[in-house]
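I will work through them one at a time.

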Amino acid sequence: MWQNGQPHRHTYRDIPILLEMAEDEALHTEKIKREKLKRISSREADTAHQQLNTGESGKSVNGRYGSILASPENQVRQASAALRKIWRKSNENSFSLNAVEADVLSKSSFKNSNTLQELDNVYNKRLPARVNEFSAEYQKGIATEEAARENKLRQAEQNYKKEIEAEQQRKAAEEQRINEQRLQQQKIVEQAAEKRQREEAELRAKLDAQKPEAQQQNQEVARADPTQTERKEKTPVELDRRLEGFLSRSQIEEQIKLWEDSCRSLIQPKTDSDKQIAMKIKRMIAVPIGALTQRSGEDLKIQIKKIGALLDGKELPNHPETAAFSILCASQRMVRLAEEQLSSNEKAACAAAAAVIALWDHDSNFGQLFMAHLYLACPILLPRDPQPVDIDETRMRSYVGYARLITCMASSDCAPGKDYHPFGIENLWKILASILLLPTGNELGPHVVYEILRYSGKRLSAYYNNAFSQLLAFIYNHYIPTATGGPAARLSSILDEVDQKGWQDPPGNLASNFWTTKDEMTGKIVDH
């Protein structure tokens with residue numbers, strides 16, 4: 001049988017229906033045979049009936065006995081019903097008709113054995129054969145479905161294993177690429193450090209060679225006029241010896257150049273593909289850096305995670321220089337943030353500094369490149385080099401933004417979950433001391449000193465205590481009198497205020513629970 005265009009698989013529930021169909025088929029076949037025989041012997045049957053029905057009294061026999069004798073069709077139906085009932089109650093696949101045939105035939109005068117033989121053939125031969133056939137077909141279908149299911153599961157498992165292997169290979173290749181880039185970048189940094197050490201050694205040797213000549217000149221001056229030695233200012237050689245621990249502009253430029261050589265094809269793209277990749281990376285870097293805010297710890301930490309993922313080379317276009325280029329762009333963009341925003345928004349400096357420290361702890365190459373660009377942008381951080389004389393108002397605001405950022409970086413706490421600070425308070429002490437050694441030829445020095453004391457005076461006082469008090473006395477008695485302009489007046493004012501009220505928290509200071517503060521928009525809390 002077919003159903004919906006496909007072979008229909010029978011079950012045991014279909015057996016009663018098939019049984020009735022087989023019975024109807026047998027009865028119909030027997031009926032056809034009877035009608036055929038009846039037509040052939042119609043005349044003989046009519047004559048026989050007339051003889052039986054006609055007697056001396058002229059009464060019909062059927063009129064007297066017709067209600068007693070059953071018709072052949074009723075006898076067949078009675079036998080079929082009895083056989084069906086017995087077959088359904090039987091627990092076996094087949095049974096013998098002889099067990100019930102005598103009882104059925106004894107109750108009637110039915111003599112058509114062909115119908116009984118046909119029924120016996122249906123129940124004992126054809127029907128069990130069909131049942132076995134249906135059972136075999138059903139078992140075969142179950143086996144086929146089970147095999148198909150197992151094959152499908154096996155195929156799915158193989159595909160899953162292939163996907164896992166492909167993902168592992170991709171991750172391994174990505175880790176290998178990142179490790180190679182980091183090794184290359186580390187090699188560049190080491191080369192720059194070696195070169196800086198050589199230059200410092202050469203400078204130290206030169207200074208050592210000049211020292212006897214300077215001592216001899218001082219002795220000659222002392223012999224000529226002993227009182228002049230006390231009035232004489234420190235010589236340039238002595239001033240350089242104090243500042244020789246600081247980097248020079250040429251050393252920093254060389255370090256940046258070595259890094260830029262590792263991603264030159266994206267810095268100066270020559271193909272449309274490289275131009276598109278470089279522009280895309282710059283946009284991807286600019287968005288989270290521009291979104292850095294002191295609104296909440298949750299919001300700031302989300303942006304730090306986004307920038308950290310880009311520094312790791314994740315979600316970047318496929319190019320061998322994308323990792324180095326992303327670190328370079330991130331360091332440049334953070335310096336521009338100080339120039340554009342921190343110069344006007346004094347409360348944003350602490351949050352921006354915390355983000356820089358967290359990213360520096362995440363990737364040391366970013367921290368080194370950021371500091372290199374910051375040193376080049378703010379000349380007073382390089383005391384060994386000549387300082388600018390005439391500074392317009394726009395450049396002065398930019399320098400103030402740089403000073404606020406580096407000051408807040410040095411006085412900030414470690415990144416969440418970390419116990420190491422890559423740019424501690426001791427670096428700010430060196431910067432402050434170097435600025436005080438420079439001549440006060442312009443307003444930049446006093447302005448930077450004012451920002452340092454304003455944002456980190458409380459932390460410096462707690463860390464250096466008496467030494468910081470002596471440094472403040474030097475600023476008040478010797479540095480401010482030689483300075484001029486508005487920054488010198490503000491510097492004197494903040495020292496007077498400290499004498500009266502003590503040190504205050506800087507603008508935009510981050511509370512101790514800042515990293516667990518909720519975002520007012522999302523209501524989320526940052527996890528440590």
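Predicted model: local features only at pLDDT ≥ 70, side-chain atom pairs only at ≥ 80, totals over all residues.

**Salt bridges**

I began with Asp261, which counts as partly exposed at 37% relative accessibility. Next I looked for the partner of Asp261 and found Arg264, with the closest N and O atoms 2.7 Å apart in a salt bridge. Arg264 is also partly exposed, at 26% relative accessibility.

How many salt bridges does a search of the whole structure find? I got 14. The reason to look for them is simple: side chains of opposite charge can pair when their charged atoms come close.

I then picked out Glu346 and Arg454. Their closest N and O atoms are 2.5 Å apart, and they form a salt bridge. Glu346 sits in the loop between α13 (322-342) and α14 (349-362), while Arg454 is in helix α18 (residues 444-464), so this pair ties together parts that are 108 residues apart in sequence. Glu346 is partly exposed at 27% relative accessibility. Arg454 is partly exposed as well, with a relative accessible area of 21%.

I went on to Glu451 and Arg404. Their side chains meet in a salt bridge at 3.2 Å, N to O. Glu451 belongs to helix α18 and Arg404 to helix α16 (residues 393-411), so the pair ties together parts that are 47 residues apart in sequence. Are these two buried or exposed? Glu451 is buried, with a relative accessible area of 2%. Arg404 is buried too, at 8%. I noted that salt bridges with shared partners join Glu346, Arg404, Glu451 and Arg454 into one network.

**Aromatic rings**

I ran the search for ring pairs over the whole structure and got 7 aromatic pairs. One of them is Tyr463 with Tyr464, which is edge-to-face: 4.9 Å centre to centre, with 70° between the planes. Tyr463 counts as exposed, at 54% relative accessibility.

Another pair is Phe468 with Trp503. I logged it as tilted, 5.8 Å centre to centre and 45° between the planes. Why does this pair tie together parts that are apart in sequence? Phe468 lies in helix α19 (residues 466-482) and Trp503 in the segment after α20 (486-501), so the two parts are 35 residues apart in sequence. Phe468 is buried at 1% relative accessibility. Trp503 has a relative accessible area of 19% and counts as buried, because the cut-off for buried is under 20%.

I also asked which residues ring pairs link into a cluster. I found Trp429, Tyr463 and Tyr464.

One more ring went into the notes. The charged end of Arg490 sits over the ring of Tyr450, 5.8 Å from the ring centre.

Two packed helices are described by the angle between their axes and the distance between the axes.

First entry: α13 with helix α15 (residues 364-377). Their axes come within 8 Å and cross at roughly 45°. That makes α13 and α15 oblique to each other. I recorded their crossing as right-handed.

**Loop residues**

I followed the chain past α15 to Pro388, in the loop between α15 and α16. Pro388 is partly exposed, with a relative accessible area of 23%. I checked the C-alpha atoms of Pro388 and Leu444: they are separated by 8.8 Å, and the residues are 56 apart along the chain.

My last look-up was backbone phi. Most residues other than glycine have a negative phi. Where did I find positive values? Glu315 has a phi near 60°. Glu315 is in the loop between α12 (297-311) and α13, and counts as exposed at 68% relative accessibility. Asn465 has a positive phi too, near 55°. I placed Asn465 in the loop between α18 and α19. Asn465 is partly exposed, with a relative accessible area of 47%.

Technical notes
Residues numbered from 1 in each chain as written. Heavy atoms only, no water. Phe/Tyr/Trp six-rings, centres within 6.5 Å; stacked < 30°, edge-to-face > 60°. Buried < 20%, exposed > 50% of the residue type's maximum accessible area, 1.4 Å probe, protein only. Helix = DSSP H or I, 4+ residues; strand = E, 2+ residues; numbered from the N terminus. Lys NZ or Arg CZ within 6 Å of the ring centre and 35° of its normal. Salt bridge = Lys/Arg side-chain N within 4 Å of Asp/Glu carboxyl O. Axes fitted to C-alpha atoms, helices over the stretch in contact; angles between N-to-C directions. Parallel < 35°, antiparallel > 145°, perpendicular 65-115°, else oblique. Left-handed = near helix turned anticlockwise from the far one by under 90°.
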